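Please look over the sequence and the model shown here before reading the report that follows.

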Amino acid sequence: VSITSCSDKFLYLKISLCFRALCCKGPPPPRPEYDVVCIGLTGAGKSSLLSRLCSESSDDIGPTTGFNIKAVPFPNAILNVKELGGADNIKKYWCRYYQGSQGVIFVLDSASSNEDLEVARNELHSALQHPQLCTLPFLILANHQDNRAARTPNQIKKYFELEPLARGKRWILEGSSTDNLVAVKESFAQFINLLEDKDTEPARI
Ligand SMILES: Nc1nc2c(ncn2[C@@H]2O[C@H](COP(=O)(O)OP(=O)(O)O)[C@@H](O)[C@H]2O)c(=O)[nH]1
Ligand SMILES: [Mg+2]
């Protein structure tokens, strides 16, 4: 079609704009949001991992007093993560913030002393058995894997005696470190699958 006159050109422009408006994709559908609670002892790496996932610098992070809420974006979901401070005087209030949670992230320092690991194990066991959390998906991150003293995820699995507790539940245990964000994102992608209830397989521990 040859377009010669000015009004023809104008009409052509209008038609092509209408065509684009009809054919071009509108805004992407909203991503589902999940409220999750993030617990673990002080120094485990909760704030650092969450900041890195939000593309923020983790250099000037101090111990979390009280709690800290972050909307952490992923390609197919947004996690509203409530990080609860891990200090002794705060831990006893953790359960007050469990209500409404749809999933649990538990972070531990795989390179910590045996005593600290024992405390972390007891905290994880209490969370796994807590009435408000026991039916929810868990992501357990054996963090600080870049430290030479770190126990492997398999060693943590045995030490934490997760197998009997994990049977038939939707839990994932993965190694992590702040210097391998790709692996951390992959662990969260699996966790989001559990939150979406896509993965009906029992625990991957
Ligand atoms: N090398 C190493 N250091 C980490 C890792 N995760 C956290 N840290 C450091 O451990 C300290 C405590 O981290 P933080 O995120 O505040 O722990 P939180 O108390 O669980 O929130 C900080 O100095 C972090 O830089 C990790 O995977 N590897
Ligand atoms: Mg913190």
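How many bridges join E1 to E4? Four bridges join these two strands, which run parallel; strands are DSSP runs (E, at least two residues) and helices are DSSP runs as well (H or I, at least four residues), both numbered from the N terminus, and two strands pair if DSSP finds at least two bridges between them.

This is a predicted model, in which local features need pLDDT of at least 70, side-chain atom pairs count only at pLDDT 80 or more, and totals for chains, interfaces and linings use all residues. Residues are numbered from 1 along each chain as its sequence is written, while chains are lettered from A and ligands numbered from 1 in the order in which they are written.

The protein has seven helices and six strands, and along the sequence they follow the pattern α-β-α-β-β-α-β-α-β-α-α-β-α. The mean pLDDT, the predictor's confidence in each residue from 0 to 100, is 86 for the protein, and 81% of its residues reach 70 or more. Where pLDDT is low, the predicted coordinates should not be read in detail.

Strand E1 (residues 33-39) also pairs with strand E3 (residues 77-84), in the parallel sense and over six bridges. One bridge partner from each pairing is set out below.

| Residue | Bridge partner | Strand of the partner |
|---|---|---|
| Val-37 | Lys-82 | E3 |
| Ile-39 | Phe-106 | E4 |

Ala-120 lies in helix H4 (residues 114-129). Ala-120 counts as buried because it has 24 C-beta neighbours inside 10 Å, where a residue is buried if 20 or more other C-beta atoms, placed from the backbone, lie within 10 Å of its own. Leaving aside residues up to four places away in sequence, Ala-120 touches Gly-40, Leu-41 and Leu-108, a contact being a pair of C-beta atoms within 7 Å. Leu-108 and Ala-120 are 12 residues apart in sequence, and their C-alpha atoms are 6.8 Å apart in space. Of the 205 residues of the protein, 30% count as buried.

Around ligand 1 there are 20 residues, of which the closest are Gly-45, Lys-46, Ser-47, Ser-48 and Ser-177; a residue belongs here if its C-beta atom, placed from the backbone, lies within 6 Å of the molecule. Helix H2 (residues 46-53) gives the largest share of this shell, three residues.

Key
Buried ≥ 20, exposed ≤ 12 C-beta atoms within 10 Å, placed from the backbone. Contact = placed C-beta atoms within 7 Å.
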